[in-house]
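Thanks for making time this morning. I would like to walk through one model with you, going from the contact between its chains to a few individual residues.

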Amino acid sequence: MRKKITRLFTCLVTLLFFHIALAQNRTVTGTVIDNNGTGIAGVTVSVKGTNVATQTDTTGAFSINAPENGTLVFSSVGYGTREIQIQGRSTVTATLTQQGTTLNEVVVVGYGTQRKIDVTGSVAQVKGEDIAKQPATNPVSALQGKVAGVQITNSGAPGASPQIRIRGVGTLYGSATPLYVVDGVWFDDISFLNPGDIESINILKDASSEAIYGVRAANGVVLVTTKRGRGRATVNYNGYVGVQQVTNQVEMANATEYATLINEMNVGQGAAAPFADPASYGEGTDWFDVVLRNAFTTNHHVSIGGGSERSTYNFSVGYLKQEGILEGNDYSRVTARLQSDVQVAKFLKLGYTAVLEGNHSNDAPAGLFYKAYTAAPVVPVKYADGSWGDPNDYPIGTATNNPALQLEVYDQESRNYRATGNIFGEITFNKNLSFRSSFGGEFGEGEVSFFNPVYYNPFEHPNQFPQGNTIQFNDTTLYRVTRSDTRNWIVENTLTYDQAIKDHRFKVLVGQSAQRYKFYKLEGKAEHVPNEREGDRYIRLGINSASRPNTVTDEGALDTYSSYFGRINYSFMNRYLLTASLRADGSSKFEGDERWGHFPSIGVGWVISDENFMNNQQIFDHLKLRGSWGKVGNASVTSNLSTQLVDRRGQLTAVIGGQPAPGASITTIVPPVIFWERGAGTDIGVEGSVLDKRLTFELDWYNRVTEDAIYDIPVLRSLGLSTNEIRGNQADIRNRGFEVSLGWRSEIGKDLSYSINGNLGINENKVLSVVTGQNPIYRGGAASTGGALATRTVAGQSIGQFFGYQVDGIFQTDAEAASSGLSGAKAGDFRYVDQNQDKVVDEKDRVVIGDPNAKYTFGLNTNFTYKAFDFTFDLQGVAGVDVYNANKGLRFGSENFSKDFYDNRWHGQGTSNEYPSANVGGRKNYLPNSWFVEDGSYVRIRNIQLGYTLPNTLTSKWGLNRIRVYANAQNALNFFSYTGFTPEVGAITTPGTVAPLNTGIDNGIYPLSATYNFGVNVSF
Amino acid sequence: MSLINRSTYLTKVAAGSLVLLLLTQSACKKDFLEVDPQGQTPSEQFWITQEDATRAVNAIYGNLNDWELVAFAPIAIESLGSDETEKGSSPGDAAFLNDYDNFTVSAAQGQIQDFWIGQYRSINLANQVLDNVPGITMDENLKTRYLAEAKFVRAYNYFRLVRAFGDVPLRLTVPKATEEFNIPRTPKAEVWAAIEKDLTDAAAVLPVSYGPADIGRATKGAALALHAKVAMYQTRENAGRWQDVLNYTNQVIGLGVYSLFPDFEKLFRIQNENNQESVFEIQSAVIPTITDASNSQYSQVQGVRGVSWGGWGFNVPTIELVNAFDAADPRKDATIIFRGETTPEGDAIPPTGDNPRYNQKSYVPSSQHKPGFSEGAEQNIRVIRYAEVLLMNAEAANEQGDATKARQSLNAVRARVGLPAVTTSDKNALRLAIWNERRVELAMEFDRYFDVIRQGRGAEVFGAKGWKAGKNEVWPIPQNEIDISAGVLTQNPGY
């Protein structure tokens, strides 16, 4: 394998230099400028009647080989098209007028591009420059608030991939994340891409556009096009440094308040008050202040690119170092990208893209934020003698720990290396017919290295060092290393036929694709590994005795896909549009007749504004009505669901004769067949522009039903299976909604131009029906809710709704509690509504208490340019969503409370009818109930950026084209009523947890931070 | 570029694309989409060799110390209802367990369901063997024994089920067709009959004892002793069954391989597992290479709370149990760890803490703890001890009018701990003496609750805690199971 890779790279490097030899010397040079005389980058310059073309560089300059009597065609998104005859000149200056519309915008669709006006589905484009403007480390996180109907949930953890949902969630057990297609190669995650390398991101939102990606398209498709070189060789540098701070830090009870609460809790449980004098503890330790910090970020990105009509190249390197706001947590990433296209001959173009990425992180200990939330403020970080603060030294039990000690001893590093890319060849047989073949893939390697050092229990080993405390100690080192390999490839061949006959225009695409995805993970573990030198971290240095053996485990996955697809685009008079496609996908995940799935689509469009009867109206500059329907699939479900497997769990190993006797048996039944989750979606849209093309609008209504979603089939426990249920194609799930995008672009006077774009998505999620009937699935972070399940998914309701008791007050007296029908209740406990009025409050009285599926997502994005200044202001938010604040109720002993709880708690008759007593984690108070569910709506100033471009007169003196400096603030202001750090809570991501059923539960999530950056762009 | 040149180029290109097509052709082959389960064995490749049979039988034993079979669920269903234990731990921890102590439990509560799940999982593993091993070509003697072992375990699980729930769905084969999935509750008499058939079959085949390599497997004695207990639990409906209890216990005694272990306290320590008194024990161990096989939590959940080597402190002895022991009875100290004491193995128990007492029979001294594993994960669970066989023998003899024999067996148990012999010949007095002996001899061994019900004294002994005759003889059928059955399963009266 290694040899193959070496060869591949030799080949790629050769290609890079190859194009230089092909440069020609008969050229026409020039500049493309706008009405203000500023150069326009990225304008396509082509020789009319040929396929010779180039693009302008960032200064607007171009250079092209053209006949003396030829005609040059200049075209660019937002500027329209202009033709200029060369007439023997060697220098040509073209002036393009900016248009207040994006009609000529070209969007990327599956296996090709299309003019936006020809598109019959719902496709949204975000430009690379808008992505690069945000200090986001992951390109997906930069999409937040940019596109109607696309909900991004960011995590504060450095290097973490955000959660993305396009038009809601249509699956339970399948993956809910979209397919990413980067330059034709398919991925589940694009965290390896440097945002600075992205030319554009196009999001296919409706089923008809997605259907060409068949089996992987059900959650939407995100098409990423990376930058290709153009024009004169240009070097661009973008760098920033910044600082991150936690936002909306939750204020916790101080030591005095804490001791008071713990006293109340104990008294409420019938025990004695453990703290004699709460006030004597003063303020105590603010654990969040201890573990959080101001964190620094540094980002550098350099790219060199250029090209002629015969060849292009682009090379970039990026470096990012991001500290986490948690002490000791950081993430760094190096990216390198190499791209070149070469027009080898008139009919043959070859090209490649290669992206290399390496990242490293010092990880945050799992659950640390929960530990910081609950840690007792009466405990100091360290005592005066330098030993660690120990909860056991206080009458508070062992449920809490010293988070500073946990951070100090935690040692886990992750590294990932990835090479991705593709090579392609494109043959143009004639002006109508072309063939493209591409081979791409991913070669990834990951390592997680965990080391648990020794830190002794000072009580048991008073003379051995280093020491922990009597709760957190470890007598034996443990080294655990996990290596994972990803080996994916995709081959695609497409044939495109393009023909225009009078008013009829056809474009026909047929293609074939094969893919293979292989994953393998190996984990080794050893105890008593020394910890003296860097070279000590080897499994082989473990003690490897009979009682402490070195162990190795592994797991893997292999999936293959084979596909055929075709599409026809037809337009008549550029007015009547038709798109139809069909894809057939076969997957190794399914068997027999269910192996192949077929995914058709059809879309129609009517450009009303081009009709004759519209000639006399003055309102619409452009108006298009479109409608589409398509089928998509979701194959991202567990493999082998319908294969009965032998159960070899270690649990089945017996002890016979004092020796281990490995066991195996059959502990499952399987559903008769499992097939694709099939989605069928309809989209009706209207788009256009008015007011001299300054106001653009796009409205969409969509209705998408996942048919035969994998759903639990409850099985009788008396079957004795190892699982609670089996899975089958059981449910229909619908996402229906409405999207609005409005754009306004204008100028005031000569110097001020601005644009304002707003978008709103409204989605309603519903499980329509389940074949096996009312068949609720209870989930929702048992670990976060003290063992009770907080969500329910059931036919007729949305996925993963919060489910529990409705609180209608607090029992003010024991007598009131005793007569309530809630067994064991006391004064200060929640009073739950007896929904069925049977005088007993029990499980049957639980109701829907909240919905983690956002109903509204919205964004407002603005750009202002005044002379040399530019200003960006972006707002973003969600509404109609709930968050389950599990931190408030997950208690096993003497955990801390928030200041808000202290201030509002019940502590005697009449003190509160909303907040319970300090015994909120006890009796039946901890059970999922409406008090834990809070409004998760928020509005945030996502991004503010002010830039200043230095005068040309100055920069040219330095031999530079352009210098721009900017200051930026991200997440600076957040508005919400939620009492946790942030209402932006995604799904629980613990392995084995099903995301859509465990969404919106906040159990010590990594808080978001506000980021303040100062940066510079330089190009020459 | 000339036309000729161009066609040469085209040829090259055609050749090039042909290579690519060939490359993809391999992907289009039919078997490209045939991918084996990765790192997993499909069931078609099982039930073929003798080794498969061995592993499937191992699985039955391996599963016996599963959480649902030895931890919270048995504590809730088989212990807390009694007068010898209460919830323990800290007041707020797993407060739902109080509902089993107070008889306020509802059918939807988790431990009801867990207990059900645990037993039926074990039954499935036995049924898998009983269905599939007969078809395997292997050593016939071994095969016969394997089937007998499976029957013993199946009988043990059905015994626990019928005791806890009364009528339960009786599955004696692995259901194949969909209509076999959802079956109604089988009347308890039929369940008892099935249990007894399994035990009769097992006793006929199982060896009296095994060589060292097979210690832990079910023996003839285990099948007979369990059969005696099964018969004893039916004596309220049919007093004639006392003769069976007597016969089976006599047979166990007659095997001549069992005797009482001299030191009652040491009887329960790890180094004395599988001793001469052991009739059936669930084997547990720490196998460092297989952590999943090393996490029996039987000892941990009951372990002393509040010490670094300790456990969770559930299912703690009540003051009523303390008072049940004679002052001179050494079993009190051997059965109960008192707050502030130092155990015979040298563990100092803090004088303060959540609970005044803990179970000493499940206790594993700190010196024997294996870091990285559940506290006391090595502790075997004593299911049937010879002492219980003697006490059943005594009770049966007394019921059948043989006071001499009854006293002989009863006093053997008392003599081991140095207590004076019971001398009464009065049938009722002797019965009470035997019942009381069971209470103190088998204390904290998950016997007391159902034993009292079996004696017909539920209301008398537990009534003060809320136990009601006509309802609390059995627990409710899990509500979830009833829901899934769409009404095929019925609920017990009063729930």
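This is a predicted model: local features need pLDDT of at least 70, side-chain atom pairs count only at pLDDT 80 or more; totals for chains, interfaces and linings use all residues.

**The interface and selected side chains**

Let me start with the polar side of the interface: between chain A and chain B there are 17 residue pairs in polar contact, where both partners have a pLDDT of 80 or more.

On the side of chain A that touches chain B, at least two residues each come from strands E23 (433-452), E24 (478-501), E25 (504-527), E26 (551-572), E27 (576-587), E30 (654-656) and E31 (659-661) of chain A. The element that contributes most to this side is E26(A), which supplies 8 residues.

As for the extent of the contact, 73 residues of chain A and 72 residues of chain B take part in it. The size of an interface is often given as the accessible area that is lost when the parts come together, and for chain A and chain B the buried area is about 6,300 Å², with carbon and sulfur atoms giving 62% of it.

How many salt bridges are there between chain A and chain B? The count is 1, and Arg595(A) forms a salt bridge with Glu34(B), with the closest N and O atoms 2.9 Å apart.

One residue that I would like to show you in this context is Ser718(A), which sits in the loop between strand E33 (695-714) and strand E34 (725-748) of chain A. Ser718(A) counts as buried because its relative accessibility is 3%, and its side chain makes a polar contact of 3.0 Å with the side chain of Arg171(B). Leaving out residues up to four places away in sequence, Ser718(A) touches Trp116(B), Tyr120(B), Arg171(B) and Glu481(B).

The mean pLDDT of chain A is 89, and 95% of its residues reach 70 or more. Over residues 1-25 of chain A, however, the pLDDT is below 50, although this stretch has 25 contacts in the model beyond near neighbours in sequence.

Now to the salt bridges in general. Side chains of opposite charge can pair when their charged atoms come close. Over all chains the count comes to 94 salt bridges. In one of them, the side chains of Glu611(A) and Arg575(A) meet with an N to O distance of 3.4 Å. This pair links distant parts of the chain, 36 residues apart, with Glu611(A) in the loop between strand E28 (596-607) and strand E29 (620-634) of chain A and Arg575(A) in the loop between E26 and E27 of chain A. Are these two partners buried or exposed? Both Glu611(A) and Arg575(A) are buried. Asp585(A) and Arg583(A) also form a salt bridge, at 3.0 Å between the closest N and O atoms, and both of these residues are buried.

For a contrasting setting, consider Glu51(B) and Arg55(B), whose side chains meet in a salt bridge at 3.0 Å, N to O. Because they are 4 residues apart in helix H2 (residues 50-63) of chain B, they are separated by about one helical turn. Glu51(B) counts as partly exposed, with 44% relative accessibility, and Arg55(B) is partly exposed too, at 24%. Elsewhere, salt bridges that share partners join ten residues into one network, namely Lys116(A), Arg167(A), Lys205(A), Lys624(A), Arg626(A), Asp683(A), Glu687(A), Glu698(A), Asp700(A) and Glu739(A).

Ser628(A) is in strand E29 of chain A and, because its relative accessibility is 5%, it counts as buried. The side chains of Ser628(A) and Asp206(A) are joined by a polar contact of 2.7 Å, and beyond four places in sequence the contacts of Ser628(A) include Thr120(A), Ser208(A), Ile602(A) and Asp683(A). Gln618(A), in the loop between E28 and E29 of chain A, counts as exposed because its relative accessibility is 72%. Its C-alpha atom is separated by 8.6 Å from that of Leu691(A), a residue 73 places away along the chain.

Technical notes
Residues are numbered from 1 along each chain as its sequence is written. Chains are lettered from A and ligands numbered from 1 in the order in which they are written. Side-chain values use heavy atoms; hydrogens and water are left out. Contact means heavy atoms within 4.5 Å. Buried area is the accessible area (1.4 Å probe) that two parts lose on being put together, summed over both. A salt bridge is a side-chain nitrogen of Lys or Arg within 4 Å of a carboxyl oxygen of Asp or Glu. A polar contact is a pair of N or O atoms within 3.5 Å; within protein, one must be able to donate a hydrogen and the other to accept it, and residues adjacent in sequence count only if both atoms are side-chain atoms. pLDDT is the predictor's confidence in each residue, from 0 to 100. Buried means under 20% relative accessible area, exposed over 50%, partly exposed in between (1.4 Å probe, protein chains only).
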